[in-house]
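Work through the exercises below with the sequence and the 3D view open. Each task is followed by its solution.

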Amino acid sequence: MLLLVLTGLAWMLQILSMLKILIQYNISIGGFLGITLMMVPFIASLIIPFAVFIAAMFVYNRLISDREITVMMGAGMSPVRLARPALVLAGGITALHLALSIWIVPLTQEKFYQTQWEMRYGLAHLALQEASFNQLADDLVVFVNRVNDRDISQLMLFDNRNPKNQTVALAEKGKLVSTARGMSIVMTNGSVQSYGDTFVVGTFDSFDMDMNISDKQAKFTFKVRKISTPQLLFDAMRPDLFKKSEYKMLISEIANRFLMPFMNLMLVLIATVVLLRMSLLRRKISMAAPIATLSMSAAMGMFMTFSGVIESFSWLAVMAVAEFIIIAVLAILLVKK
């Protein structure tokens, strides 16, 4: 329930942050909700460790406050036996979190960025009006007489994006195509006039005009979350092909995909060790919950810090060993009589 509530709230915030896409581009409500839903697996992967920890804290703190833990321990049940349900849950969640991080999140993130790009710069948002001038971008205007899906006829295009090389093209027919850079118009049977240092006039049987209407102000960002896990590992083996900052992001992403799921087990162990061990102390005011919460915060803080600064496989290995040593120590503290 906690995971559903927190993920739902984060999804609503994602919807609010992406409303400009719905307003600025010609996107249906269904398409907009579809693209925001692609962010849910990534959001859930971030929330799962906190949700599992809070659930374990809630259940065991309630058992302690109702004196049920005291009764069960008095009946001979060990801390390991009492912690078994939470550990089984943490183990199952860890396996699911691994599948989510390694397979589902990269798949949905790749689809998210691809769909977002197509909505912004591809053909999905483009709706040319017949017998009217359509402004595709600043200083880029096209007039079409007939539109049939992606086929257009009797068109005129004016391109003044480069004032030193103004272009006017007229063609009998054209076709809208999507390229790696955005939208292009392939025109047939027409003429082109170019105004620059010289005046050029010519005719063509076929002419491919790259619209290049993507946002020039938007800077390219290296998106590691959309890289599939096999490709991510393969790229990490070739540090010479990437900038230092990009390679650092690759190693950090590997740490998040393979080590973050085991934080579920660590956080549940922190909750059970602190609560169950301190429940044996006969004190009127228990500091178990605050101590467990601070320990969880410290553990997650250290993980996020180190995962963000590691720069090589050797440091990744050190981080993995340290994580499993902490898990082993917590398990020993739970088992120790």
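**Exercise 1.** Which backbone oxygen does the side chain of T272 reach, and at what distance?

Solution. The model is predicted: local features need pLDDT of at least 70, side-chain atom pairs count only at pLDDT 80 or more, and totals for chains, interfaces and linings use all residues. Residues are numbered from 1 along each chain as its sequence is written, and side-chain values use heavy atoms, with hydrogens and water left out.
- Start by placing the residue: T272 belongs to helix α9, residues 263-278. Helices are DSSP runs of H or I, at least four residues, and strands are runs of E, at least two, numbered from the N terminus.
- The side chain of T272 reaches the backbone oxygen of L269 at 3.1 Å.

**Exercise 2.** Decide whether T272 is buried or exposed, and list what it touches.

Solution.
- Buried means under 20% relative accessible area, exposed over 50%, and partly exposed in between (1.4 Å probe, protein chains only).
- T272 has a relative accessible area of 0%, so it is buried.
- Not counting residues up to four places away in sequence, T272 touches Y60, A83, A86, R277 and L334. Contact here is heavy atoms within 4.5 Å.

**Exercise 3.** Classify L19 in the same terms.

Solution.
- L19 is in helix α2, residues 19-24.
- Its relative accessible area is 30%, so L19 is partly exposed.

**Exercise 4.** Check the length of helix α4 and find where it bends.

Solution.
- The expected span is 1.5 Å times one less than the number of residues.
- Helix α4, residues 40-65, has 26 residues and should span 38 Å; its end C-alpha atoms are 35 Å apart, which agrees.
- The helix α4 bends by about 40° at I47, and the proline P49 follows within four residues. The bend is the angle between axes fitted to the seven residues ending at a residue and the seven starting there.
- After α4 comes R67, whose phi is positive, near 65°.

**Exercise 5.** Which residues touch the most other members of the largest nonpolar core?

Solution.
- A nonpolar core is a set of buried Ala, Val, Leu, Ile, Met, Phe, Trp, Tyr and Cys residues joined through side-chain atoms within 4.5 Å.
- The largest core has 67 residues, and I69, M263, L267 and L276 touch the most other members.
- Its largest share, 13 residues, comes from α4.

**Exercise 6.** Describe how β5 and β6 pair.

Solution.
- Two strands pair if DSSP finds at least two bridges between them.
- Strands β5 (residues 183-195) and β6 (residues 199-210) pair in the antiparallel sense over 11 bridges.
- A hairpin of 3 residues joins β5 to β6, and I185 stands opposite M209 in β6.

How values were computed
Polar contact = N/O pair within 3.5 Å; in protein donor to acceptor, adjacent residues only side chain to side chain.
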